[in-house]
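Here is a short briefing to read alongside the sequence and the 3D view. Please keep both open as you go.

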Amino acid sequence: MQETLHAYVRVSTKGQLVGKSIESQIEIAKKVAKMLDMKCEIRNEGASSSSQKNKKLGRNYRVELENIKDDIVDNRIKHLWTYDRSRMFRDTTDSMYFRREYLEKYKVTYYEGEHGNIVNYDSSDEKFVYDMLSRLQQLENEKRSQKSKDGKRYLLRRAEENRHYGGTVLFGYYSKDAKLFV
């Protein structure tokens, strides 16, 4: 019986659904599965941030990721792929916990990237590298987020009358040459 590669795909925002990111991730997943001579099962989270907390639960919660965890525990997943680690987690603690309590504990082979590179965590050195890469991705995300916030604050402090800084124009107004008009 042919093995199945479970491919977890997602984007962070609803706006990114308009682009081709998920389609691209799915296409790459299918190529990787073919290269590994496996069937491909797409596990599509859609638009779901990995860093925003669910207000009701007080923690990150993504339905498809939780389904994957359940399927790992129930021994239905032995091969898991993502385009990169940040598709799964941007928080180091969550990433390390997932590695230890799901990937290692249930002996799941984890593949990453366009070539389906196996992510090893068999030795202390490999676990360290896995955890460090997860931490670096978290740092990169935090820095990108801070730059975005700083840029918005800067623009607000220097606000010009009738200046339009992007986004949806309020009802009754229109934007021309970055200026708002009634």
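This is a predicted model: local features need pLDDT of at least 70, side-chain atom pairs count only at pLDDT 80 or more; totals for chains, interfaces and linings use all residues.

Residues are numbered from 1 along each chain as its sequence is written, and side-chain values use heavy atoms, with hydrogens and water left out.

- Helices (H or I, at least four residues) and strands (E, at least two) are DSSP runs, numbered from the N terminus.
- Strand S3 (residues 79-82) is covered on both faces, with His79 and Trp81 buried on one side and Leu80 and Thr82 buried on the other; buried means under 20% relative accessible area, exposed over 50%, and partly exposed in between (1.4 Å probe, protein chains only).
- S3 pairs with S1 in the parallel sense over two bridges, and Ala7 stands opposite Trp81; strands pair if DSSP finds at least two bridges between them.
- S3 also pairs in the parallel sense with strand S4 (residues 109-112), over four bridges, and here Thr82 stands opposite Glu112.
- His6, in strand S1 (residues 4-11), counts as buried because its relative accessible area is 5%.
- Not counting residues up to four places away in sequence, His6 touches Glu41, Arg43, Arg76, Ile77, His79, Leu80 and Trp81; contact means heavy atoms within 4.5 Å.

**Two loop residues with positive phi**
- Most residues other than glycine have a negative phi.
- Asp37 has a positive phi near 55° and lies in the loop between helix H2 (21-35) and strand S2 (39-47).
- Asp37 is exposed, with a relative accessible area of 58%.
- Lys107 has a positive phi near 55° and lies in the loop between helix H4 (92-104) and S4.
- Lys107 is exposed, with a relative accessible area of 67%.

**After strand S7**
- Val182 sits in the segment after strand S7 (179-181) and counts as exposed because its relative accessibility is 80%.
- The C-alpha atoms of Val182 and Gly172, ten residues apart along the chain, are separated by 5.9 Å.
- Val182 touches Gly172, Tyr173 and Tyr174, not counting residues up to four places away in sequence.

**Helix H5**
- Met132 is found in helix H5 (residues 124-157) and counts as partly exposed, at 38% relative accessibility.
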